[in-house]
Amino acid sequence: MGQGLLSRIAATVGTPVYVYDADVIRRQYAALSAALAGVPHRVHYSVKANASLAVLRLLRGLGAAADIVSGGELARVLAAGFRGADIVFSGVGKTERELTAALAAGVGLVNLESDGEFELLRRLARGRPSPAAVGIRVNPDVTTETHPYTQTGRAGMKFGVPMDQVPALARRIAAERALVLVSVGMHIGSQIADPTPYREGAARLQELVAALRGDGINTLTSVDVGGGLGISYGCGEGMEVTRFASAVAPLARATGLPLLVEPGRFLVGNAGYLLTRVLYRKHSGGGRFVITDAGMNDLLRPSLYQAYHEITVVDAAEEAGRAEEAGGRTVASAPSASSAPVDVVGPNCESGDFLALDRALPGAGPGALLAVLGVGAYGFGMSFQYNSRPRAAEVLVDGGRYAVIRERETADDLMRGERVDPDWRDA
Ligand SMILES: *Cc1c(COP(=O)(O)O)cnc(C)c1O
């Protein structure tokens, strides 16, 4: 995206602001669709990566269906115009209220993750006019080389039903007239660049489908290979979609069943920029800090996962590098000092509040405009209001146009629903 447009958005909407490029989302969707063109498939966009209504509407327009993990996401996708039949409901801890709402909305597939959830859904589905379509999320016990917090497909984790327990659960579902087992699936993690675990997991799903059919279960209409496709964050590799497609296509061919894929990050990650203004520069005990108006509450990934995001200087400050504060003194720094590595830190009262460590950012003096790249997925969605900081605005860019798709929060938004004088009730 052009620097001129980013500067204009920062000047008119203010900072911090998330900016998404519609063309990047279209390009990613097209690349995945093209790679999977050889097998019947449906792309269910994983809403938690970026749940903004305008982004959902854009993806729906491209033909995407949706993958949700909460009742809040259900409300969002319905508001964005998705039909119930287009929705897969995943997640390890669905509540009775959420499952009731999903049944009422006619959700196309509820992926069960435990016996307890099966029992709850069976009770809720009884008495409905038609059986509720369910799948089983299997834990295929495959290892992925990603951050421990983004692994989900190994034995001993909270996600999915262990392989050896799936046939018994499938038989219980088959025996229940209020439910119909239409899918088995996996979701093995996130930010995965290597197709191998997909190939291994797909092979296990293939054996499982054969075993279920051997048990007389002939109601399957899809196999779900989940999401998790990695992207390049400027260092490190992303998933090559053609290799992903080669890893999972044999599952569709061998079973004769269409694939469901649930990408989140892959579709939106590299479409996003976080624009932030430099407030101050500071030297302290050997540390060199660039203090920005965005912090961990706006973008948590660096603090939570030590995630790397590239940062570029969109507009260098006029005064860049001229005056820097050092332990209360103002010192004139040589040009070389301003290209020495810095930590880019936020205003939150936490030492773990940073956007980047040890980066050369010449020109990042007070007033400079920075862009944090690759923040379209798990950026705004993971932002929060700690330190009573209103959440950022969001902007969508489409060609030469841009629009605010979420207004910056205000102090009133922060206090909504609170009572300064509690409305006491007798216990
Ligand atoms: C989070 C999630 C996804 C998407 O993961 P990405 O890494 O963003 O592709 C897909 N399916 C399920 C069940 C998820 O929980």
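**Entry 1: Leu-58**

I began with Leu-58, which sits in helix α3 (residues 53-62); helices here are DSSP runs of H or I with at least four residues, strands are runs of E with at least two, and both are numbered from the N terminus. Before going on, I noted that this is a predicted model, where local features need pLDDT of at least 70, side-chain atom pairs count only at pLDDT 80 or more, and totals for chains, interfaces and linings use all residues. I also noted that residues are numbered from 1 along each chain as its sequence is written, and that side-chain values use heavy atoms, with hydrogens and water left out.

Is Leu-58 buried or exposed? Leu-58 counts as buried because its relative accessibility is 13%; buried means under 20% relative accessible area, exposed over 50%, and partly exposed in between, using a 1.4 Å probe and protein chains only. I then looked up what Leu-58 touches: leaving aside residues up to four places away in sequence, I found Ala-22, Ile-25 and Arg-26, where contact means heavy atoms within 4.5 Å. Arg-26 is 32 residues from Leu-58 in sequence, and their C-alpha atoms are 8.5 Å apart in space.

**Entry 2: the cores**

Next I looked for nonpolar cores, meaning sets of buried Ala, Val, Leu, Ile, Met, Phe, Trp, Tyr and Cys residues joined through side-chain atoms within 4.5 Å. The largest one holds 106 residues, and Tyr-45, Ile-136 and Tyr-198 have the most contacts inside it. Helix α9 (residues 241-255) gives this core its largest share, 8 residues. Another core, of 15 residues, lies apart from the largest one and includes Ala-10, Ala-371, Val-395 and Val-397. As background, I jotted down that nonpolar side chains tend to be buried together in soluble globular proteins.

Not counting residues up to four places away in sequence, its contacts include Leu-56, Leu-59, Asp-67, Pro-263 and Val-268.

**Entry 3: helix α6 and its partners**

How do α6 and α7 lie to each other? Helix α6 (residues 115-125) and helix α7 (residues 166-174) pack at about 5°, their axes 11 Å apart; axes are lines fitted to C-alpha atoms, for helices over the stretch in contact, and angles run from 0 to 180 degrees between N-to-C directions. The two are therefore roughly parallel, as angles under 35 degrees count as roughly parallel, over 145 as roughly antiparallel, 65 to 115 as roughly perpendicular and the rest as oblique. On the α6 side I found Asp-115, Phe-118, Glu-119 and Arg-122, and on the α7 side Leu-169, Arg-172 and Ile-173.

Helix α5 (residues 96-105) also meets α6: their axes come within 10 Å and cross at roughly 50°, so the pair is oblique. Glu-96, Leu-99, Thr-100 and Leu-103 of α5 are in this contact, facing α6 residues that include Glu-117, Leu-120 and Ala-125.

The bond from Thr-15 to Pro-16 is cis, with omega near -10°, and Pro-16 is in the loop between α1 (3-13) and β1 (17-21).

Gln-191 has a positive phi, near 55°, in the loop between β8 (179-185) and α8 (196-214). Gln-191 counts as partly exposed because its relative accessibility is 24%. Ser-388 also has a positive phi, of about 50°, and belongs to the loop between β18 (369-373) and β19 (393-398). Ser-388 is exposed, with a relative accessible area of 55%.
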